[in-house]
Amino acid sequence: MAQECSGNPPFGEPATSELHPGQQILGWRQEQLAKGGQSSDLDWLLDLGGGLCWRELQLLHLNPGRQVLLSRSMDALAALWDRHLRSAEPLQYLVGLCPWRDLQLDVAPGVLIPRQETELLVELALGLMGGSGPGLWADLGTGSGCLALALARAWPGSRGFAVEHSPEAIAIATGNLQAPREGPMALVELLLGSWWEPLQPFWGQLELVVSNPPYIPTAIWAALDPVVRDHEPAGALDGGRDGLDAIRSIGQGAVKALAPGGWLLLEHHHDQSLAVQGLFLDAGLEQVRSFPDLEGIQRFAAARRPPAAGPEGLQP
C-alpha cells in the first residue's frame, strides 16, 4: 500500500540523501527482481524504505533521465531485500513502518502488522456511535495501537484505554500514540494486562469496546505462510483449537464491563460469524449483529449490553 514518498530508516539506522539517475534505479530494480520476490513488494520497499513512492517510480519509466533522491542507499535497500528473500521476514518489520488508513505506524517484531481489513472496524465503530462518539471507550489487545489511535483522532473529546498483555507491543503502541500528529486527539491510557482485567476500575462505564483479538484456529495458524507464522507474534494470531479462546473471554466479561447500552465490536475469522453471535447471546448481550469485509465475508460482530431498566423495571 503505497503512501507518501517519506520512507525513514528504522532502528537508529542513519538517514542518507543520495541522488540517483532514474535509469540506474530502474536497472537496480530489475536486478533485485531477478533474485526473486514480488514486484509489488519491492516497490513497497522502495516507497517506505527508500522514499520513492509508486507514482514517482512510474514517472521514471517515462523519463528515466530524471534525478531521484533516495532516503537509503541502494546497497542498503538491496540488503533488506536479500534478507526478506532469505528469511521471509516481513518488509514492514525490516523497514519499521506500516501504512494503515491515513496513518504511518511504527511496527517491529513482537507486534502484529495491522491489516487492511481491520480498518473497517474503525468505520463500524464510527457508524455505531455516531458523530459525537462515546465518552469512555477501550481497545482490547491494542498491538501497534492502530485502532486506539484512529478512534482517538475521530473522537478528540473522548477518553480511551488501550489494553495489551505484551510489553513489546505496549512499547510500540506508546510510540505510535505519543508521536506528534496533526489535529486534536483524545487522551488514551495504555494498560498492561489481559482483556478486561486492567479496566476493572471502569467496569460498567465503557460505552464502546473494540478488539481485533487472536482468532485463527491453531491448526490453521500452523499452516500459514512463513512470512506470517514464523515472524509475527503467535499470541496475536493463534486463537486456540477452534480460534475462539480470546473471543470467549471477551464475550463473557462484556456484560460486567460495558456501560448499560454499551457496544462491543470485534473482528473474527471468516468462518466464525455464527459461533461468535452465539457466544455473545450466551453471555447476555443483545442486538447481536454481523458485518461483512470488503469481499462480502462476515468478518465483524457487534453486540450490546442491555440498557438499564427504567424506574418501573422497563427498559427505556
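Keep in mind as you go that this is a predicted model. Start by selecting residues 22-35, helix α1, together with residues 54-62, helix α3: their axes come within 9 Å and cross at roughly 105 degrees. An angle from 65 to 115 degrees counts as roughly perpendicular, so that is how α1 sits relative to α3. Now show the side chains at the crossing. On α1, pick Gly 22, Ile 25, Leu 26 and Arg 29; on α3, pick Leu 57, Leu 60 and His 61. This contact is made up of four nonpolar residues, two polar and one charged.

Next, head for the largest nonpolar core, which has 32 residues. Select Trp 196, Leu 199 and Leu 206, the residues with the most contacts inside this core. Which elements give two or more residues to it? Color β5 (136-140), β6 (159-164), β8 (206-211), α11 (245-257), β9 (258-267), α12 (273-282) and β11 (298-304) to see them. The largest share, five residues, is from α11.

Last stop: select β10, residues 286-292, along with β11, and you'll find them paired in the antiparallel sense over five bridges. Click Phe 291 and look across to its bridge partner in β11, Phe 300. Five residues sit between the strands of this hairpin, and there Gly 296 takes a positive phi near 85 degrees.

Notes. Residues numbered from 1 in each chain as written. Predicted model: local features only at pLDDT ≥ 70, side-chain atom pairs only at ≥ 80, totals over all residues. Heavy atoms only, no water. Core = buried A, V, L, I, M, F, W, Y, C linked by side-chain atoms within 4.5 Å. Buried < 20%, exposed > 50% of the residue type's maximum accessible area, 1.4 Å probe, protein only. Helix = DSSP H or I, 4+ residues; strand = E, 2+ residues; numbered from the N terminus. Axes fitted to C-alpha atoms, helices over the stretch in contact; angles between N-to-C directions. Parallel < 35°, antiparallel > 145°, perpendicular 65-115°, else oblique. Contact = heavy atoms within 4.5 Å. Nonpolar A, V, L, I, M, F, W, Y, C, P; charged D, E, K, R; others polar. Pairing = 2+ DSSP bridges.
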